[in-house]
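Here are a few notes to read alongside the model.

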Amino acid sequence: RTFRWAIDGFGALYGGTVQGQALVSEPFSVGGTQLLLRCFPRGEPGAEGLAVFLGLAEPQGEEQNGEEDGEGESRVHDLTFSLSVVNQLDPRRSTFKLAQARLRPGCEEWGFRGLAPSAALLDPDAGLVRGDRLVLEAVVSQ
């Protein structure tokens, strides 16, 4: 399944965030698993550049590490995914990375630091931010 997240007003959001501060997408479903994207426009502490992560969208009250299903097994979600920063001038020049992950409720997300350098985000000719919009894409399968 492909999920596209258009972040409008990215320039103001970039300027108004500090390193380590995240933007969070709306949840989306893949095979009954609720997921979300977390984007750090200025990167995470110790890593400059756009960072993007895939994680479980957990309802309130279910954020316990090692949550179990009815048979005493932790609910595990094995996923193969790619995360992309869409180049809006030339989609063939989009930046993407591919990974496999095992997600559990309450565990950390999986993704990539430095998916796009800050200089490319701020360069209007690079094509990553057009009309003050950044587009991220996740392609996820189980």
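1. A word on terms before we start: helices (H or I, at least four residues) and strands (E, at least two) are DSSP runs, numbered from the N terminus. Keep in mind, too, that this is a predicted model.

2. With that naming, Ser25 sits in the loop that links β2 (23-24) and β3. Is Ser25 buried or exposed? Its relative accessibility is 5%, so Ser25 counts as buried. The side chain of Ser25 comes to 2.8 Å from the backbone nitrogen of Leu37. If you skip the neighbours within four places in sequence, the contacts of Ser25 are Phe3, Trp5, Leu36 and Leu37.

3. Now to the overall layout. The chain has two helices and ten strands, and going along the sequence they come in the order β-α-β-β-β-β-β-β-β-α-β-β.

4. On to the aromatics. How many aromatic pairs does the structure hold? There are four. One is formed by Phe3 and Phe28: the ring centres are 4.1 Å apart and the planes meet at 5°, so the pair is stacked. The cut-off behind that label is planes under 30 degrees apart.

5. What does the Phe3 and Phe28 pair tie together? Phe3 belongs to strand β1 (residues 2-8) and Phe28 to strand β3 (residues 28-30), so the pair links parts that are 25 residues apart in sequence. Both ends are covered: Phe3 is buried at a relative accessible area of 13%, and Phe28 is buried as well, at 4% relative accessibility. Phe3 also turns up among the contacts of Ser25.

6. Phe10 and Tyr14 make another pair, with ring centres 6.0 Å apart and planes at 45°, so this one is tilted. Phe10 and Tyr14 are four residues apart in helix α1 (residues 10-16), which puts about one helical turn between them. Phe10 and Tyr14 are both buried.

7. Finally, some totals for the chain. It has 142 residues, and 43% of them count as buried. Take the contacts between residues at least 6 apart in sequence: 62% of these join residues at least 24 apart. The accessible surface of the chain is about 7,600 Å², and carbon and sulfur atoms account for 46% of that.

Technical notes: Residues numbered from 1 in each chain as written. Predicted model: local features only at pLDDT ≥ 70, side-chain atom pairs only at ≥ 80, totals over all residues. Heavy atoms only, no water. Phe/Tyr/Trp six-rings, centres within 6.5 Å; stacked < 30°, edge-to-face > 60°. Buried < 20%, exposed > 50% of the residue type's maximum accessible area, 1.4 Å probe, protein only. Contact = heavy atoms within 4.5 Å. Areas by Shrake-Rupley, 256 points an atom, 1.4 Å probe, with all protein chains shown as cover. Polar contact = N/O pair within 3.5 Å; in protein donor to acceptor, adjacent residues only side chain to side chain.
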